[in-house]
Amino acid sequence: MEHTPFTISRRTFLKGTAATAAALSMGTLDFGRWARASEKAPVTRIPSTCVGCGNRCSIFAYVKNGRVWRIEGNKEANGNQGVLCPKGHGYIHDLYNPSRIRGPLKRVNGRFEPISWEQAYKEIGQQINILLLDNTPDTIFWVNYPQANHQYALRLMHAMRSPHYFTHGSTCFTARSAGWNFTVGKLPSNDLKNARFIMIVGRNPAGGLDLGQIKDIVKAREAGAKLVVVDPRHNETAILADDWLPVRPGTDLALLLAMINVIVEEQLYDADFIERYTVGFDYLESEIINYPPQWAEKICDIPAETIIRIARQMAAEKPRALVHRGYHGAFGSQYLNSFQTARAVAILNSLLGNINRTGGVYFSQSAELGELQPTHPVPEGPLVPKSDGTGIPGRYPLGAYGDGISHAIPELALRGKLKCGFVYHNNPLRTNPNPKRVIAGYKKLELLVVIDPVMSETASIAHYVLPASFHLEADEAVDTKHTGKRAQVTLQQKAVEPLFDTRSGFRIITELAQAMGVGRYFDFTLEEANELRLKPLKVTLADLKKQGVLSVGDPWKEGLDTLDTPSGKVEIYSATLERLGYPPVPRWEAPLVSPDEKDPHSFRLIHGKQANHTHAMTANTSYLMAISHRYDMIRLWMNRTRGKKLGLANGDLVQMTSLVGEGKIRVRLTEGLHPSCVWLPSGYGIFSKHLKTAYDQGVSYNDFLPTFFDPTVGHAMSSEIIVTVKKA
Ligand SMILES: Nc1nc2c(c(=O)[nH]1)N[C@H]1C(S)=C(S)[C@@H](COP(=O)(O)OP(=O)(O)OC[C@H]3O[C@@H](n4cnc5c(=O)[nH]c(N)nc54)[C@H](O)[C@@H]3O)O[C@H]1N2
Ligand SMILES: Nc1nc2c(c(=O)[nH]1)N[C@H]1C(S)=C(S)[C@@H](COP(=O)(O)OP(=O)(O)OC[C@H]3O[C@@H](n4cnc5c(=O)[nH]c(N)nc54)[C@H](O)[C@@H]3O)O[C@H]1N2
Ligand code: SF4
Ligand SMILES: [Mo]
């Protein structure tokens, strides 16, 4: 067994529950022993959900003699359509990872000591009571990556009367979503399978994985569809494409404006759709003359004739032609112009008349889970609005109030506005910009409670660490899926008993509520709550337990009704934006910072996912890290010509420095990258010493990123980084 400061206590280890003892005596951490003992044991198959990343694919877990050794994709699920990715397969082994936390911990004089659940809850409850003697409830916050229990986390904050529930959104997707919301009223899905022409801008479903999307792209390609990938980097999806457009990072807006220019000038748009379903086309016509392809070429480095050709090819296939709705890479939360870029994507789609059309972008069916009232009391809710400024004119008026701006938490903590935090399935010390600032902010908190299966960076500075069961050890809340032409509900189910003294997320939230004096709002069991939630969807919990995923509600229908915008139509021109002082039709806006063209060492730092890692959370999975090492993936990509000018050879160690950070990494010289930038895989740079496999492997873009809030939605602008790169 590995020796780490928090596993010190053989005492806690031995004191574990009966289940723990049984699991361990069966040698579940020792594969060889288990294999010999299991030859004749029967196999059970449990439908559940993978939480290896936010896709939350539906799986079947196979259990033999008390051990999970394999998972398989569930064919019924819209999202993954029967397949699973390497991360999902690799991550299940973390169930048996010696780095797992084995029981609740309390930090005493800088070291973690075991504590019982009951004592931990009692102390947390007492500390909150003391805090509330001279602080208002809005000094308490909760942050999580949205998962099945998010509704209960939000309920807990509302029971405490705090508005401060946050998601990771401001470091992921808020600009993308706001662009769509302010144009067509909500975020659509992509009908890739039925499209005849697909353009993807800074989204890489073959690396930043979406398994269903890749299946659909392959099907569309086989049926003859064209695929254009716009990315400064020759990404994994570009391998499938007809055209790869190596755009200068941060300038997709210029490319999109020029495509709109061609479509408008050559009248290639769907005039009937524009007449019936949009407002402000005339404003666009007069504004867009400023952006001919010859202008764009000089900004985005895509030749004018290519822009014209692609625009014409695309329009010829309308309405079964689409620009992918996007996620993180190009305009999720990257640049000063990301919100306008997302608006341009939505408008270009609208000109093709493809909104809610087969082969275009469409509004997927979503299931509305049932409420717990009137059977159970509803929390009174917050007394004041969030203090991060989301949705407030003059601050971040286009921000998503529900997500909040989670990377503002350290700033709010430093100013004394937040004093007590709960971090659940989230690791802000590693996934938020500017770690020095994040550490300073989170350390300022009077009480920090982290709920995680491992000692993440954030857990390492917590006052209390409450160990969450691994996903295959826990039953959780029913969940909904927002992809596909049929809404679906899914369930995460326990496949094996917890190996250690850990608890499910639902149970921890409920027990915290009791400890914090608001248990009356959690007067239900998981079973009762799940049944109530499913009731309006006309499916039973028993069925869901058997299947793991069920389709509910009516199937998707093509065509448009009134949209969820102020005018009820597609807002090419937005009066709301005008009123708030933003361009009412998209206008060119340069990125915030640009590399120094005269300095051969100056680059923009961009980043992206690799198919074998999730954010910063799987670098400690030895099977997945073995892939990284085997294929030498922990490298900084640099354009070969620029590398040669710096006297660099493939594999050389370089020193990278920005305004806020520095680090060393080896380079990969390639033709597959725009010369103005370097590209960093985003899954490395772990600095929690408890995570032995991951520790000190590579660097993270957040190390180099100043704390920024874009002036529209308040996102992190995480590619507005200029670095100096020199041979180390
Ligand atoms: N393997 C894996 N898959 C995942 C995840 C994961 O962690 N790992 N996480 C899930 C989550 S939460 C998310 S948000 C999605 C993210 O999915 P994506 O948005 O696809 O993610 P990224 O890899 O960050 O970015 C995609 C591409 O954008 C490119 N890019 C960077 N800057 C620019 C630019 O200025 N213009 C253009 N056109 N392209 C640019 C990058 O080179 C990269 O290839 O992935 C989901 N799936
Ligand atoms: N360095 C870096 N930063 C990033 C990104 C990146 O790729 N790299 N991506 C950006 C994007 S697109 C996003 S969406 C955000 C994501 O931001 P985060 O949500 O902070 O990302 P993760 O690294 O996935 O951290 C998840 C934490 O949840 C824990 N966890 C895993 N499973 C469970 C569980 O079942 N229960 C509980 N309680 N905890 C669990 C993991 O151990 C880990 O500590 O980060 C953004 N910032
Ligand atoms: S994409 Fe992979 S890691 Fe993510 S949920 Fe699906 S199988 Fe799990
Ligand atoms: Mo994300």
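Modeller: A crossing of two helices is called left-handed if the near helix is turned anticlockwise from the far one by less than a right angle, and right-handed if it is turned clockwise. This is a predicted model, in which local features need pLDDT of at least 70 and side-chain atom pairs count only at pLDDT 80 or more, while totals for chains, interfaces and linings use all residues. Residues are numbered from 1 along each chain as its sequence is written, chains are lettered from A and ligands numbered from 1 in the order in which they are written, and side-chain values use heavy atoms, with hydrogens and water left out.

Biologist: Is the crossing of α9 and α14 left-handed or right-handed?

Modeller: The crossing of α9 and α14 is left-handed. Helix α9 covers residues 252-265 and helix α14 residues 338-351, and they pack at about 25° with their axes 9 Å apart. Because angles under 35 degrees count as roughly parallel, α9 is roughly parallel to α14.

Biologist: Which residues are closest to ligand 1?

Modeller: A residue is near a molecule if one of its heavy atoms lies within 4 Å of it. Here 34 residues surround ligand 1, and the closest are N204, L209, D231, D252 and H613. Strand β22 (residues 602-608) gives the largest share of this shell, 3 residues.

Biologist: Which atoms of L209 and H613 lie 2.6 Å from a nitrogen atom of ligand 1?

Modeller: A polar contact is a pair of N or O atoms within 3.5 Å. For L209 a backbone N or O atom lies 2.6 Å from a nitrogen atom of ligand 1, and for H613 a polar backbone atom is 2.6 Å from a nitrogen atom of this ligand. In R233, a polar side-chain atom lies 2.9 Å from an oxygen atom of ligand 1.

Biologist: How much of the area of ligand 1 does the protein bury?

Modeller: Accessible areas come from the Shrake-Rupley method with a 1.4 Å probe. Taken alone, ligand 1 exposes 920 Å², and the protein buries 99% of that.

Biologist: Which residues come nearest to ligand 2?

Modeller: Of the 27 residues around ligand 2, H168, N427, T431, D452 and S682 come nearest. A polar side-chain atom of T431 lies 2.8 Å from an oxygen atom of ligand 2, while an N or O atom in the side chain of D452 is 2.7 Å from an oxygen atom of the ligand. The protein covers 96% of the 930 Å² of accessible area that ligand 2 has on its own.

Technical notes: Polar contact = N/O pair within 3.5 Å; in protein donor to acceptor, adjacent residues only side chain to side chain. Axes fitted to C-alpha atoms, helices over the stretch in contact; angles between N-to-C directions. Helix = DSSP H or I, 4+ residues; strand = E, 2+ residues; numbered from the N terminus. Parallel < 35°, antiparallel > 145°, perpendicular 65-115°, else oblique.
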